[in-house]
Amino acid sequence: MAASSPIEYETPSNNIQYEGIGGGGGDDDDHNVLRKHVAFFDRNKDGVIYPSETFEGFRAIGCGILLSSFAAIFINVGLSRKTRPGKFPSLLFPIEVKNIQKSKHGSDSGVYDAEGRFVPSKFEEIFSKHAKTNANALTSNELEAMLKSNRVPKDFGGWVASYTEWKILYFLCKDKNGLLQKDTIRAVYDGSLFEQMSKEKASSAKQAVSSASKGANC
């Protein structure tokens, strides 16, 4: 998938847990939104994400080898210890999905609360405060302004994490006009965007193989 191609997808399922709703009774099926956000990268669905799975997930949504390698190192090294409280650090850098809310960093948008739930008012605030050109999208400059406004003084780790996350999203998902659409951002928060991007890449690859096969038979 080309980096500048718009992401076209059906309205994603928003069967998610909102702030103050659903309380999270501990049932395995009652995932908070942050857990849904990362579930795509748990490729074998065992509740643990290793760097190889992060790499595989990024490749599945159309990222190149270098970006996928960087993401696997950056994400797993940065989050592993935080999601494994009380455990000895592992050089395999596993991320435990059930504790993903413990990895929440500062200088972010606040769309996820401390328990990993989605906060609608904070999501809308992204656009009411920063979407000046288009009410339902962010330009590159508006994204930069948002990142700067979210910075907590001296929270250098949070600055880097937020910058990296949003810049990768913009690079992959901006449309042909250079806009990062509201629906796209909404879908990345609940993880549905990753599934759609993966399906689109697989479909494109299948079509390419089919076309090559037909050409060889001519």
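**Entry 1: pocket lining by helix.** I looked up which helix gives the most to the lining of the largest pocket, and α6 does, with 11 residues. I note here that the model is a predicted one. I then listed the helices that each supply at least two residues of that lining: α1 (33-39), α2 (51-60), α3 (65-79), α6 (156-173), α7 (182-189) and α8 (192-216).

Entry 2: I read off the space in the largest pocket as about 970 Å³. The lining comes to 41 residues, and those closest to the pocket centre are H37, I75, H105, A161 and E165.

**Entry 3: lining by class.** I sorted the lining of the largest pocket and got 28 nonpolar residues, nine polar and four charged.

**Entry 4: α6 against α7.** Both helices were on my list of lining helices, and I checked how they pack. Their axes come within 12 Å of each other and cross at roughly 125°. Angles over 145 degrees would count as roughly antiparallel and 65 to 115 as roughly perpendicular, so I logged α6 and α7 as oblique to each other. I recorded the crossing of α6 past α7 as right-handed.

**Entry 5: residues of the α6 and α7 contact.** From α6 I noted W166, L169 and C173, which meet T184, I185, V188 and Y189 of α7. By class, I counted six nonpolar residues in this contact, one polar and no charged.

How values were computed: Residues are numbered from 1 along each chain as its sequence is written. This is a predicted model: local features need pLDDT of at least 70, side-chain atom pairs count only at pLDDT 80 or more; totals for chains, interfaces and linings use all residues. Side-chain values use heavy atoms; hydrogens and water are left out. On a 1 Å grid over the protein atoms alone, a cavity is a set of points where a 1.4 Å probe fits but cannot get out, and a pocket is an open set with protein on both sides within 12 Å along at least five of seven lines; lining residues have an atom within 4 Å of a point. Grid points are joined across faces, edges and corners, and a volume is the space filled by probe spheres set on the points. Helices (H or I, at least four residues) and strands (E, at least two) are DSSP runs, numbered from the N terminus. Ala, Val, Leu, Ile, Met, Phe, Trp, Tyr, Cys and Pro count as nonpolar, Asp, Glu, Lys and Arg as charged, and the others, Gly among them, as polar. Axes are lines fitted to C-alpha atoms, for helices over the stretch in contact, and angles run from 0 to 180 degrees between N-to-C directions. Angles under 35 degrees count as roughly parallel, over 145 as roughly antiparallel, 65 to 115 as roughly perpendicular and the rest as oblique. A crossing is left-handed if the near helix is turned anticlockwise from the far one by less than a right angle, and right-handed if clockwise. Contact means heavy atoms within 4.5 Å.
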